[in-house]
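This report describes one protein chain together with its ligand. The chain and its coordinates come first, followed by notes arranged by topic.

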Amino acid sequence: MSRDPDCVFCKIVAGEIPSTRVLETDRAIAFMDVNPIVPGHVLLVPRDHHVQLADLPDELAAHLGSLLPRLIRGVVAATEALGSNVVVNGGRVAGQVVDHCHWHVIPRRSDDVIRWPWPQGVYSGDAMAQWAAEIIAAMA
Ligand code: 5GP
Ligand code: ZN
């Protein structure tokens, strides 16, 4: 089990900091966010310490992903929400504060405080195809 002694979520996984858990497996836990965007906001984390989603081994990412549908159904049903957002922040620039990979599961209502969508851009010329080629090359 990999662990960072300074990581707040590693301490939650180890039970050294209290948390209100809603789901546990051998490799993951989900618990209530202590400062929720809206009531019912839940965090899903691997037990092992990995900073970003991009750092997760494929098998562990698949396990965590397999838990999301049940977790979302539970959050939405319990809060009587109309929908949900699932968000993973990667890096400071994207709003990640806790450097232990986590999924936010957030119940949504039409009258809540959350604003969506993001602004949308457009590609000119063949820029989209060029970006796609760059991404494909970077993944090779
Ligand atoms: P991030 O901005 O890194 O994506 O989100 C971190 C989340 O962790 C925040 O929503 C914050 O409220 C939550 N959080 C930070 N510290 C604790 C804690 O000690 N306990 C719980 N339950 N949530 C925490
Ligand atoms: Zn950690």
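## Terms and basis

A polar contact is a pair of N or O atoms within 3.5 Å; within protein, one atom must be able to donate a hydrogen and the other to accept it, and residues adjacent in sequence count only if both atoms are side-chain atoms. A backbone N or O atom of Val98 is placed 2.9 Å from an oxygen atom of ligand 1.

The model is predicted: local features need pLDDT of at least 70, side-chain atom pairs count only at pLDDT 80 or more, and totals for chains, interfaces and linings use all residues. Residues are numbered from 1 along each chain as its sequence is written, chains are lettered from A and ligands numbered from 1 in the order in which they are written, and side-chain values use heavy atoms, with hydrogens and water left out.

## Overall layout

The chain holds three helices and five strands. Helices (H or I, at least four residues) and strands (E, at least two) are DSSP runs, numbered from the N terminus. Read from that end, the order of elements is α-β-β-β-α-β-β-α. Along the principal axes, the C-alpha atoms fill a box of roughly 55 × 40 × 25 Å.

Of the 140 residues in the chain, 34% are buried. Buried means under 20% relative accessible area, exposed means over 50%, and partly exposed lies in between (1.4 Å probe, protein chains only).

## The ligand site

Ligand 1 is surrounded by 16 residues, and the closest are Asp33, Gly95, Val97, His102 and His104. A residue belongs to this shell if one of its heavy atoms lies within 4 Å of the ligand. By class, the shell has nine nonpolar, six polar and one charged residues. Here Ala, Val, Leu, Ile, Met, Phe, Trp, Tyr, Cys and Pro count as nonpolar, Asp, Glu, Lys and Arg as charged, and the others, Gly among them, as polar. Helix α1 (8-14) and strand β2 (28-32) each supply at least two shell residues; the largest share, three residues, comes from α1.

His104 uses its side chain instead, with a polar atom 2.8 Å from an oxygen atom of the ligand. On its own, ligand 1 has 520 Å² of accessible area, and the protein covers 81% of that area. Accessible areas come from the Shrake-Rupley method with a 1.4 Å probe; for residues, only the protein chains shown count as cover.

The space taken by ligand 1 is the largest pocket. On a 1 Å grid over the protein atoms alone, a pocket is an open set of points with protein on both sides within 12 Å along at least five of seven lines. A molecule sits in a pocket if more than half of its atoms lie within 2 Å of the pocket's grid points.

## Backbone features

Trp116 and Pro117 are joined by a cis peptide bond, with omega at about 10°. Pro117 belongs to the loop between β5 (103-108) and α3 (127-139).

Glu80 is not a glycine, yet has a positive phi of about 55°. The loop between α2 (58-79) and β4 (83-87) contains Glu80. This residue counts as exposed because its relative accessible area is 63%.

## Side-chain contacts

Arg108 is part of strand β5. Its relative accessibility is 15%, so Arg108 counts as buried. The side chain of Arg108 makes a polar contact of 2.7 Å with the side chain of Asp112, and the Arg108 side chain also reaches the backbone oxygen of Ile114 at 3.1 Å.

Asp126 is located in the loop between β5 and α3. With 48% relative accessibility, Asp126 counts as partly exposed. The side chains of Asp126 and Gln130 are joined by a polar contact of 2.8 Å.

## Positions and distances

Gly40 lies in the loop between β2 and β3 (42-46) and counts as buried at 17% relative accessibility. From Gly40 to Val97 the separation is 57 residues in sequence and 20 Å in space, C-alpha to C-alpha.

Gly83 is in strand β4 and is partly exposed, at 22% relative accessibility.

Ala140 falls in the segment after α3 and is exposed, at 91% relative accessibility. Ala140 and Leu68 are separated by 72 residues in sequence and by 28 Å from C-alpha to C-alpha.

Notes
1 Å grid on protein atoms, 1.4 Å probe; cavity = no way out; pocket = protein on both sides within 12 Å on 5 of 7 lines; lining within 4 Å.
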